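Here is a friendly note to read with the structure open beside you.

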Amino acid sequence: MSRDGVGEQPAVRMVEVPGDRAGQRLDNFLLGQLKGAPRSLVYKLVRSGQVRVDGRRAKPETKLSGGESVRIPPVRLTEAGEAVAPPSGLVARVADSIVFEDAHLLALDKPSGIAAHGGSGVSHGAIELLRAARPGESLELVHRLDRDTSGLLVIAKKRSALTGLQRLMREGGITKRYLALLVGRMPDGELRVDVALQKSTLQGGERMVRADEGGKDSLSLFRVLERRGGHSFAEVRIETGRTHQIRVHAAHVGHPVAGDPKYGDREANRRLKDKAGLKRLFLHAASLEFSLGDGRDYLLSAPLPADLSGVLDRLG
């Protein structure tokens, strides 16, 4: 504390981007530099021009090359009220949900109701909670899951693993398998849904996705495993990873995901809640299969959670 009673102000920092961060987005780089800062604050700093890359303004999604000089403005998180310590119970819950770990990556069986990352009104997502559980470790989110979707979420522990996994994501080198309960009787056999998707943001920040020829190519493969109570318990494999892809594709073919409040069938959701106790989206990321080379082959899995398997049992 200085003599006039005002605490020392944090100084502007000039940080050189390490070479192994080449390809990383600016917002993710800043989240690693500003420990505890919510994503919303990082976006505000970048968009207001307070963050500069080699002296120039940049966007949150700007890809770094390595070697740039990044201006990071002074931020007093605690005094500004921007950072709030995550609840210890949530931190422990996420830490306890780790189902696989090695020197390169770890995988969470993310509970439904926890976002992949903070932002858009969410203070703490899975990645922030995990960083709180493991301070000082380098942890980077590889991909996303909808907040209401449970299941496998992969976190990179090394930059090489992050870039390798993101390349596999772009090239379709990861086999992603989901389990879902779909409303109604979907046809037997494999149903291929090759429908482009367009993302938009409504007033208030809510994200919506619709089938639109002008959108991004998207491919989902549905296969019924069992019939339960007039509905279809199905395996879904996705060749692309668009926002809300399975939910929009399922609704597009007339068999929305059970319990989906955004794209689903409200009346069917009400009946499933009353009859089988379904209280949330019935969508679970069950397995991921990929290879990072050098003999490192991965088959990660997360069993169907008890609340969803209980719904299937009650449907008979």
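**Notes on salt bridges and a helix pair**

1. Lys-157 is partly exposed, with a relative accessible area of 21%; buried means under 20%, exposed over 50%, and partly exposed in between (1.4 Å probe, protein chains only). Its partner is Glu-101, and the closest N and O atoms of this salt bridge are 2.8 Å apart. A salt bridge here is a side-chain nitrogen of Lys or Arg within 4 Å of a carboxyl oxygen of Asp or Glu. Glu-101 sits in strand β4 (residues 98–101) and Lys-157 in the loop between β7 (150–156) and α6 (159–171), so the pair ties together parts that are 56 residues apart in sequence. Glu-101 is also partly exposed, at 33%.

2. A word on the basis of these values: this is a predicted model, in which local features need pLDDT of at least 70 and side-chain atom pairs count only at pLDDT 80 or more, while totals for chains, interfaces and linings use all residues. Residues are numbered from 1 along each chain as its sequence is written, and side-chain values use heavy atoms, leaving out hydrogens and water. Helices (H or I, at least four residues) and strands (E, at least two) are DSSP runs, numbered from the N terminus.

3. Next, please look at Arg-227 and Asp-188, whose side chains meet in a salt bridge (2.6 Å, N to O). Arg-227 belongs to strand β12 (residues 219–228) and Asp-188 to the loop between β8 (175–182) and β9 (190–194), so parts 39 residues apart in sequence are tied together. Arg-227 counts as partly exposed at 26% relative accessibility, whereas Asp-188 is exposed at 64%.

4. Asp-20, Arg-21, Arg-131 and Glu-140 are linked in a network of them.

5. How do the axes of α8 and α9 cross? Helix α8 (residues 266–276) and helix α9 (residues 306–315) have axes that come within 9 Å and cross at roughly 85°. Axes are lines fitted to C-alpha atoms over the stretch in contact, with angles from 0 to 180 degrees between N-to-C directions. The two helices are therefore roughly perpendicular (65 to 115 degrees). Leu-272, Lys-275 and Ala-276 in α8 meet Val-311, Arg-314 and Leu-315 in α9, contact meaning heavy atoms within 4.5 Å.

Conventions
Angles under 35 degrees count as roughly parallel, over 145 as roughly antiparallel, 65 to 115 as roughly perpendicular and the rest as oblique.
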